[in-house]
Amino acid sequence: MSRAALETPMMRQYLAIKAEHPDCLLFYRMGDFYELFLADAELAAPLLEIALTTRDRGKPDAVPMCGVPVHSAGPHIRRLAELGHRVAVCEQVEDARAAAGRRLVRREVIEVVTPGLVGDPEGVDAAREILIAALAPGPEAIGLALLDATTGDFRATAVPRAAADASLPRALATELERAQPRELLLAEGPGDALAEAFARLLPGAARTRVPAAPERPPAAARVEGLGAHPSEPAEQAAALLVAYLARHQPFALAQVVRLRRYSLGDAMLLDRATRAHLELFENSEDGGRRGTLIERLDRTATALGARLLARWVAYPLLDPEAIAARQDAVAWLAQRDRPRARLVEALRPVRDLERLLARAARPAAAPRDLAQLRASLEALPGVASALDGPDDASLPSLAAERPAALPRPAPVPEAAELLRQALVDEPPVLLRGSRGASETGYIRPGWHAELDGLREAAGKGREWIAGLEARERERSGIPSLRVRFHPVHGYGLEVTKANLARVPAHFERKQTLANAERFTTPELREMESRVLGATERAAALEREIFEGLRRSALESAAPMRAAARAVAELDALASLAQVAREAGWVRPLVDTSAELRITAGRHPVVEELLRRSGGSFVPNDSELSPRDVQLLILTGPNMSGKSTYLRQVALIALLAQIGSCVPAESARVGIVDRIFTRVGASDRLARGESTFMVEMRETAEILACASARSLVILDEIGRGTSTFDGLSIAWAVAEHLHDTPGLSPRTLFATHYHELSDLARARPRVGNAHFAAREWGEEILFLRQLVPGGASRSYGIQVARLAGLPGVVVERAREILSNLESGELDERGRPRLALPAAPGSAAGAESGGRAPAEGSLRSIPETPARADARPAADRPPRPAAAGPVAQLGLFGSTPPDPREAEVLQRLRSLDPSRLTPLEALNLLAQLRSCLEGEPQA
Ligand code: ADP
Ligand code: MG
C-alpha cells in the first residue's frame, strides 16, 4: 500500500512496531487514547462495537482507524483476548514534552496480552483461575504445566503414555478438561496429533506454537523447582511457559516464584461428564452457577477463599488423614458461631491479595492498587486473632485446641506500616501514565520533605495569584476583573470587552476570547512559572516515590502470598462450616474401607431449593459395599426421584472427600478414587456426535477406567436406542460391572427397564430398590421414598396424562401397551425365565434402600405375579381413592414358575430337525403334563 498518508513520521513508526508484532492487534498509544490502524482497526472495531473512522478524513488515501480511551482500555483488551486475539500494548515511553517539537515520542510494546495471559486481572472472574497450559511430549510421558499468571500459581506434572501412541493419554485429557486452560503452548516441530486432540477437547481455547524452550530459563525468572532436570517433560512444559511469559509480560515473572509438582493420583479424578452431570460448577440448564454445588457451598468472604474452595471441589482428596484434618477445622468452626462470625467480619476487608500483587507488579500499577494492598495487609492481624476470643457461652467447654488445619496468617506489618505512612487514605484514580491534576496528591504530606517543600511553594504561589484578583480590581477600578486559568495558556487576568478602556498600562495582552481579553503582568508571569515548575516537579517526584514504594511492597511479596494462602484456607473452611451449621449437615466418617453407607441422606442442592420454595426433601438411605450390595438397580416411575438420588449419593461422597460435612444423619465413605457418571441425555450435538454415541462412549470410558474403589452412577443407559438394544446393553454393562474380577466398583444403576431387576436373582451382590409411587384414582402420587425390591411398571402413560396429553391419545396408548405387553412376552420367549434362579437372592428384597420410617409402606403386599406380565383385562380394577394400602399391589416381583422354567429349558435344548413326528408328539404331551404337574422346587 503506497499511500501518502502512510509516509508521515508517526505512521512510519507505527508500521515499524506493527512489523515486529504481526500476529497481534497493535494498541498504539496517542495521548489519552490507544489507536488501532488499518486492518487492525477494521477487525477490532466491530468486535469492540466502536466506531471505525479514518485519519485525515475525506482524503482519498485516508487510513482506517479506531480507538479506545486509555482509562477504559482494560475491558476492550480482555474482550479481544477472550475472542482468541493477541493484543500488543504500545506505550509512549518518554515524556511527551521532552520530545516536544524535536521529533516523535519514543514508543515501545510493553506487554502482549494473549488468551491465556490476560495481563491486568481487574474485572476477571475472581472465583476462577485463568490458566495457560503447555504440553511437552517426551518418549515415555507427556509433561503438562499450568500457570495462572494473575496469581503466580504454577504447577506441573507428567502423565505416562504408550510409547507409540502420539495422542493424549486419557488421564491427561481429563486433567486438561478440568483445568480448562484458555491457551495451550506446544513447541514448534512435531506434535500435531497432540494439538489436534487438544483442539477436539477444548475447541474454545487458543493453541500457540512457540520456539522450543531454552535450556536455561530467562535470567529474570528465578523459579524454585525449575531448572534442575531440564530433560524431564514436566520441566520442559514449565520452561515453555516461563519463556513465553518472559517474552510477553516480563514484569509478571516476579510473581512466578515456585513450581509445584503434582501427580494426577493425588486427587479424585472427575471427568467432564461427571462434572457436568453432577452440576459441580455449571448447571445443565444454561451453564450458569445457579443450582450448582459450588453455589451451595460458597459462602466465602474473599476472592481468595472463593478460588480455593472451587479448587477443593475440583480436586477432592484421597488421603483420609488430609481429609480428617480439614474436617477437624470445619467441625471446630461449625461449633463456634461467635468466633466464626468474628472471623468472617475480619476477612471481609481482605481484597484479592494474589491478584493485587500481580497488579502491583505491572508498569501501569496505580496508587489505588497499593491502597487496596494496604487495606488487605491492615486486616491481617484481625484475621489472625479472630478465633482467639471467647466461644459461645452455651458451648460445652471443649478442649478448645485450635486444629492444625486452621492456619493463622502471619501479618506483614512493615509493608503495611510503610504504605500507611506514605500513601494518603484514599488515593485518586489514576489514568495510566497520563498527566493531569488527578495524578498528584497521593503521597501523604509529611512523608517526603522535598515534596512537601515543592507543594508549599506551589501552594503559596497559588495563594498569591488568588489574592491578585482583589489587588488588581482595586488598582484598576474594574469590578468584574477575574483571574482565570487555562491548561494551555496558563493564568490570565480577564477583562470584559466593555471594560477594555480601563485596562492599566502594565497589563500585557495574552489571549482574546469572544467577549473578553486576557492579560498578564511581569509579576504574574514570574509567579506562574514558579507555581507550574513546582507542581510539575512535585508530580515527577511523587511518581518516583511511588515507584520506590511499589518496589518495597513487592519485596514482601513472599510473606504476603503466604498470608494470602492462609486467608484463603480460613475463608474456605469457614464457608464449609457455615453451610454445615445452617443446614444441619454432619461430619462423615471417611476411611479406607470400600463402604458407602448413608443414613437419611439428602441432595445438597435440591434440598435447599425445595426449602426455599416451602417444600421438604424426603431423606433416603444408601448402602453400597463390595461384601453386600455392590450394585443397586434402581427402578421406579418417571419423576419418582431416581436421578436426584443418584446424584445425591455421588455428591455426598464428593463432599466427604473435600473435607466438608454432608447432608445426612450419618455417613461412612470409604475413599472413592473416581466418580463416574452417565446421567441423563447428553447434549454434545454441537460437536457432531449423536446422543447415543456419546452415551456409549461415556459408558465405554467407565468400563475401561473404573477400579474397585470407584463409584459408578449410571442413569438410564441404553435409552438412546431401541428397547431391546437398550435393555441388552444395560444388562450386559451391569453384569460386567458385577462380574469382572478385581473391578466391582460401587454402582448405582437407575433404569426404566424394570426387567433389569431380575439380575439380582443370578448375581449375589446385586440389589434392587425402587421409588414408591401410589396410584390415586387417575393420578400418581410420588412418595420419594426408596423401598427395597424392584418396581414393576414405569407409569409412563400416567405421567403423559398428567402432562396433558389428550384423553383419546392416553386411552389408545393404554390399549397399545396392553397389546404390546402380551405380544412382547410371547415373541420374546420371556427371557427372564431363562435365568438360573439363585436361591436366597430373590429380588434382592433386603438389599438396598432404607426401610420406610412409617408403618404404612411396610405393609405393601407383594403381588403374586408381575403386573406387566398379565393381560390388561386381568389387572385389578383401579381402586377408589380411599384405599391407600390395598391399591399398592403393583410393586415387587415374584420368582418365575419353576414348571414353566423347566419346559422352556427342555424346549431350548432340543433340535427339532432330529425329531421324528412321533417323538415330537410324545414330547408335546410330556411338556403339557409337566406344566400341569406339581412344581419340583
Ligand atoms: P426420575 O429420575 O425418577 O425421573 P427425578 O430424580 O428427576 O426423578 O426427580 C423428579 C422430581 O422429584 C425432581 O424435580 C425433584 O425435585 C423431586 N425429588 C426427587 N427426589 C426427591 C426427594 N427425595 N424429596 C423431594 N423431592 C424430590
Ligand atoms: Mg431420571
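## Exercises: strands, a ligand and an arginine

Met30 finds its bridge partner in strand E2 at Phe33. That's our way into this predicted model, in which local features need pLDDT of at least 70 and side-chain atom pairs count only at pLDDT 80 or more, while totals for chains, interfaces and linings use all residues. Residues are numbered from 1 along each chain as its sequence is written, chains are lettered from A and ligands numbered from 1 in the order in which they are written, and side-chain values use heavy atoms, with hydrogens and water left out.

**Exercise 1.** Work out which strands pair with E1, and in which sense.

*Solution.* Start by finding E1 at residues 25–30. Strands and helices here are DSSP runs numbered from the N terminus (strands E, at least two residues; helices H or I, at least four). Two strands pair if DSSP finds at least two bridges between them.

Next, look at E2 (residues 33–37): it pairs with E1 in the antiparallel sense, over three bridges. Two residues sit between the strands of this hairpin, and Gly31 takes a positive phi near 65° there.

Then turn to E5 (residues 87–92), which pairs with E1 in the parallel sense over four bridges. Leu26 has Ala88 as its bridge partner in E5.

Last, check the cover: five of the six residues in E1 are buried, meaning under 20% relative accessible area (1.4 Å probe, protein chains only).

**Exercise 2.** Describe how the protein surrounds ligand 1.

*Solution.* Count the shell: 14 residues, the closest being Val618, Met639, Lys642, Ser643 and Thr644. A residue belongs if one of its heavy atoms lies within 4 Å of the ligand. By type, the shell splits into six nonpolar, six polar and two charged residues.

Go through the polar atoms next. A ligand nitrogen is 2.8 Å from a polar backbone atom of Val618. A ligand oxygen is 2.6 Å from a polar backbone atom of Met639, and a polar side-chain atom of Thr644 lies 2.6 Å from an oxygen of the ligand.

How much gets covered? The protein covers 78% of the 570 Å² of accessible area that ligand 1 has on its own (Shrake-Rupley method, 1.4 Å probe).

Finally, the elements: helices H18 (604–612) and H19 (642–658) are the ones giving two or more residues to the shell. H19 gives the most, with three.

**Exercise 3.** Is Arg359 buried or exposed, and what does it touch?

*Solution.* Locate Arg359 in helix H12 (residues 353–360). Its relative accessibility is 16%, so Arg359 counts as buried.

Now list the neighbours: leaving out residues up to four places away in sequence, Arg359 touches Asp120, Pro121, Glu122, Ala365 and Asp369. Touching means heavy atoms within 4.5 Å.

One of these gets a closer look: the side chains of Arg359 and Asp369 are joined by a polar contact of 3.0 Å, that is, N or O atoms within 3.5 Å, one able to donate a hydrogen and the other to accept it, with residues adjacent in sequence counted only if both atoms are side-chain atoms.

How values were computed:
Nonpolar A, V, L, I, M, F, W, Y, C, P; charged D, E, K, R; others polar. Buried < 20%, exposed > 50% of the residue type's maximum accessible area, 1.4 Å probe, protein only.
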